[in-house]
Amino acid sequence: MLSKDLPDIENILALNPRVKTHAEIISTATKKKEKKHWKRNPERGCDSCVKLENNFDDIKHTTLSERGALREALRCLKCADAPCQKSCPTNLDIKSFITSISNKNYYGAARSILSDNPLGLTCGMVCPTSELCVGGCNLYASEEGPINIGGLQQFATEVFSKMGIPQIRNPELPPADEMPDSYNVPIALIGCGPASISCASFLARLGYSDLTIFEKEKYIGGLSMSEIPQYRLPGLPQANRAQIFQGLTMEQGFFTSKDFLPIVASASKPGMCNCHSALPELRGVVIVLGAGDTAFDCATSALRCGAKRVFVCFRKGFTNIRAVPEEMELAKEELCEFLPFLSPRKVLLKGGRVAGLEFCRTEQGEDGQWLEDEEQTVRLKANYIISAFGSMLGDPQVVEAMAPLKLNRWGTPEINTDSMQTSETWVFAGGDIAGMANTTVESVNDGKQASWNMHRYIQSLHGQAVDAVPRLPLFYSAIDAVDISVEGSFLNIELISEKTAAYWCRSVAELKKDFPNNESGADALELNLSCPHGMGERGMGLACGQDIELVRNICRWVRAAVSIPFFAKLTPNVTNIVDIATAAYEGGADGVTATNTVSGMMGLKADASPWPGVGAGKRTTYGGVSGNAIRPIVLRAVSAISKALPGFPVLATGGIDSAETGLQFLHVGASLLQVCSAIQNQDFTLIEDYCVGLKTLLYLKSLEGLGDWDGQSPPTQKHQKGKPVPTVEELVGKDVIARALRYIGAYQELDNKEQVLALIDEDMCINCGKCYMACNDSGYQAITFDPETHLPFVTDSCTGCTLCLSVCPIIDCI
């Protein structure tokens with residue numbers, strides 16, 4: 001038996017999936033030990049959690065790789081009148097940029113984002129999306145959950161930032177030296193935060209050339225830079241300090257959020273400033289006061305500054321927490337403790353330093369008001385206190401500088417919320433100072449909104465009327481100046497098996513010995529009259545299958561030679577496949593297989609080199625395309641043959657990736673199903689799944705009362721939860737048109753001695769074993785799989801067929 005030769009088939013397939021024939025028993029003690037070997041997420045116990053001190057790596061759950069972004073973008077429904085867009089303060093065209101991502105047009109996605117939000121990358125990282133765009137996603141009403149819009153936005157803008165392509169001036173504007181004088185007026189923007197950056201960006205796009213942003217700090221970005229920690233981003237100017245904290249200093253162990261977060265930010269963000277400050281060292285227990293986003297930022301930052309334990313204490317209950325769920329969940333995952341219904345009453349000092357804090361309990365009365373019960377007190381020992389109870393505008397110099405602006409009762413300027421104009425018509429306000437924006441994205445929108453109204457005001461001073469309906473220019477780069485105004489499948493270019501005919505004959509004998517109930521020898525034959533690559537040029541495969549007389553004669557010769565059934569495998573690369581099937585029928589074939597692969601070309605890289613490319617010259621040829629891509633072609637072929645030759649068996653193959661699609665082929669006349677590409681993409685256990693699925697579909701058809709089911713899918717229930725339904729000639733010769741033609745030729749022009757081998761990047765490998773299964777089930781058994789580490793290893797048997805590359809789920813891992 002061939003399987004007794006080393007390496008025998010039993011060892012090669014030892015870790016491959018098997019259809020279960022019985023239930024297994026493994027002791028609970030063994031499983032507890034085994035799961036620790038394979039566990040990827042951290043243990044729940046404190047002693048085994050990830051060390052956070054001085055760890056400022058990106059920990060947001062929303063961050064996506066390219067693979068994750070493509071998969072997430074494909075989930076998007078591209079809804080009509082998309083509610084996600086209506087929920088975005090800057091009115092991003094979310095549906096458009098997600099469509100661009102799904103098409104791998106990352107620049108197009110970034111351009112769409114930056115056209116409406118110049119700080120698109122920052123907002124992709126820190127936006128409270130669950131309260132904004134994601135909160136409006138229609139998929140919230142489904143079990144799969146909403147689209148990760150923030151992660152997709154961050155991904156697209158990060159990819160674009162790596163391109164290093166700068167924004168250019170609006171190409172629709174006249175040259176700078178021809179702009180009217182009204183566009184040269186000096187414009188000052190105070191504070192280089194999101195509102196000013198946004199406003200300046202849009203004013204520049206409109207054509208204004210004399211823009212100056214004044215910033216007192218040595219870095220730009222405002223509070224988004226100084227108060228959002230590095231692990232989240234690679235409120236008002238001053239903290240609201242309660243009376244009981246007056247006189248306390250950082251040296252004593254007391255911080256406000258406005259003290260603490262800027263220190264953490266400057267120490268953790270490379271390049272923020274040249275001060276090279278050190279992180280605060282918070283050894284011991286830290287109490288954070290507050291329940292907003294800033295409080296939870298302080299809590300998770302305290303862990304990174306060395307805190308052993310962090311208590312987040314707040315006056316109201318969990319249902320009143322103001323922070324977005326993402327912030328609270330992160331603090332919970334990092335094992336911060338939450339203590340509700342506590343109001344601070346007295347700071348406990350020891351040796352002049354913070355030693356604890358005394359609280360009284362709070363309760364909500366029947367009228368909804370919150371009351372403090374002085375009779376219920378709690379004391380917590382602590383080494384540090386961080387107050388994040390809110391902010392206020394109290395700096396007398398700032399207030400004095402804003403004169404003669406009218407201020408409201410909160411001490412911020414009175415503004416027209418539609419125009420962002422203050423009581424002084426030439427002064428506009430936005431961001432924190434305006435008191436309207438609670439988030440970075442809202443500050444960006446304040447600047448965007450102000451820019452158009454500043455434009456209208458300035459032009460009115462020069463006698464020019466500007467439409468009240470905003471028409472802000474889009475984002476442009478050099479890419480947009482390029483002039484083009486003139487007019488789940490596989491590809492196979494491998495010729496034949498590298499195994500000899502003797503090998504296959506011996507394999508048939510071995511299979512018969514392994515399954516003794518069948519007689520020795522093949523049970524049936526399938527005649528390859530169809531392969532479109534290589535064989536046609538040599539008078540085989542496609543060359544036979546496209547000739548009606550040759551098909552008829554070959555079938556007659558085979559019929560005269562054998563008594564077992566045989567099927568002619570047909571090619572779809574013909575004008576009329578029914579004529580070829582009729583010839584096989586007339587030649588005595590027991591049936592036909594419809595169909596083999598479609599002649600095609602898989603694709604080209606950006607430099608016009610093809611994939612797959614053979615040898616140093618990167619040559620390619622037209623190969624055989626299979627899988628889901630050809631399903632519509634095969635459905636047509638099977639149905640046409642079945643109608644023309646009733647009762648003549650048709651074996652269907654091409655795009656069968658589930659029991660449901662298999663049933664489609666049976667419905668159009670197939671007698672038998674063949675599955676190949678789906679197996680290559682996964683493993684042989686799919687066959688059992690398809691068989692069980694097909695049985696289920698047929699059984700459900702026999703039951704009464706299920707007429708409104710679609711296969712195994714019951715009628716969709718209404719699940720709208722929680723909301724009411726309310727010029728070619730010029731391009732020729734410029735190394736663009738016809739550039740790829742030099743790579744394309746006949747099969748015999750390829751050099752089959754220029755062999756490539758698969759290389760697996762162990763650092764990128766996620767240990768799924770798909771390459772191992774595909775190679776062993778459908779390839780050359782050239783990949784081993786370590787049972788302890790689950791690392792695949794490519795042996796010298798590799799022929800470079802690229803099957804492992806085709807099934808690997810991780811981009812560039814193989």
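Colleague: In this predicted model, is Lys 569 buried or exposed?

Modeller: Burial is read from relative accessible area, and under 20% counts as buried. Lys 569 has a relative accessible area of 16%, so Lys 569 is buried.

Colleague: Which side chain does Lys 569 meet in a salt bridge?

Modeller: The test is a side-chain nitrogen of Lys or Arg within 4 Å of a carboxyl oxygen of Asp or Glu. Lys 569 meets Glu 526, at 3.9 Å from N to O. Glu 526 is partly exposed, its relative accessible area being 37%.

Colleague: How many salt bridges does the structure hold, and which residue pairs with Asp 590?

Modeller: There are 20 salt bridges in the structure. The partner of Asp 590 is Arg 559, with the closest N and O atoms 2.9 Å apart. This pair links distant parts of the chain, 31 residues apart: Asp 590 is in the loop between α19 (577–586) and β18 (591–594), and Arg 559 is in helix α18 (residues 548–561). Asp 590 is partly exposed at 30% relative accessible area, and Arg 559 is also partly exposed, at 26%. Elsewhere, salt bridges with shared partners join Glu 72, Arg 75 and Glu 144 into one network. Asp 81 and Lys 86 form another salt bridge, with a closest N to O distance of 3.2 Å; both residues are exposed.

Colleague: How should I read the packing of α20 and α21?

Modeller: Two packed helices are described by the angle between their axes and the distance between the axes. Helix α20 (residues 631–644) and helix α21 (residues 659–667) pack at about 30 degrees, with axes 9 Å apart. Angles under 35 degrees count as roughly parallel, so α20 is roughly parallel to α21. Arg 631, Val 634, Leu 635 and Val 638 of α20 make the contact with Thr 661, Gln 664 and Phe 665 of α21. Of these contact residues, four are nonpolar, two polar and one charged.

Colleague: In what order do the five strands of the open sheet run?

Modeller: The order is β4-β11-β5-β6-β7, with parallel pairing. The edge strands are β4 (254–256) and β7 (337–339); each has a single partner strand, so one side of each lacks a neighbour in the sheet. From one strand to the next, the twist averages 20 degrees. Within the sheet, β5 (residues 284–289) and β6 (residues 307–313) pair over six bridges, and Val 286 stands opposite Val 310 in β6.

Colleague: Which strands does helix α11 touch?

Modeller: Helix α11 (residues 257–268) packs on the sheet and touches β4 and β11 (384–387), its direction making about 85 degrees with that of β4.

Notes
Residues numbered from 1 in each chain as written. Predicted model: local features only at pLDDT ≥ 70, side-chain atom pairs only at ≥ 80, totals over all residues. Heavy atoms only, no water. Axes fitted to C-alpha atoms, helices over the stretch in contact; angles between N-to-C directions. Helix = DSSP H or I, 4+ residues; strand = E, 2+ residues; numbered from the N terminus. Parallel < 35°, antiparallel > 145°, perpendicular 65-115°, else oblique. Contact = heavy atoms within 4.5 Å. Nonpolar A, V, L, I, M, F, W, Y, C, P; charged D, E, K, R; others polar. Pairing = 2+ DSSP bridges. Buried < 20%, exposed > 50% of the residue type's maximum accessible area, 1.4 Å probe, protein only.
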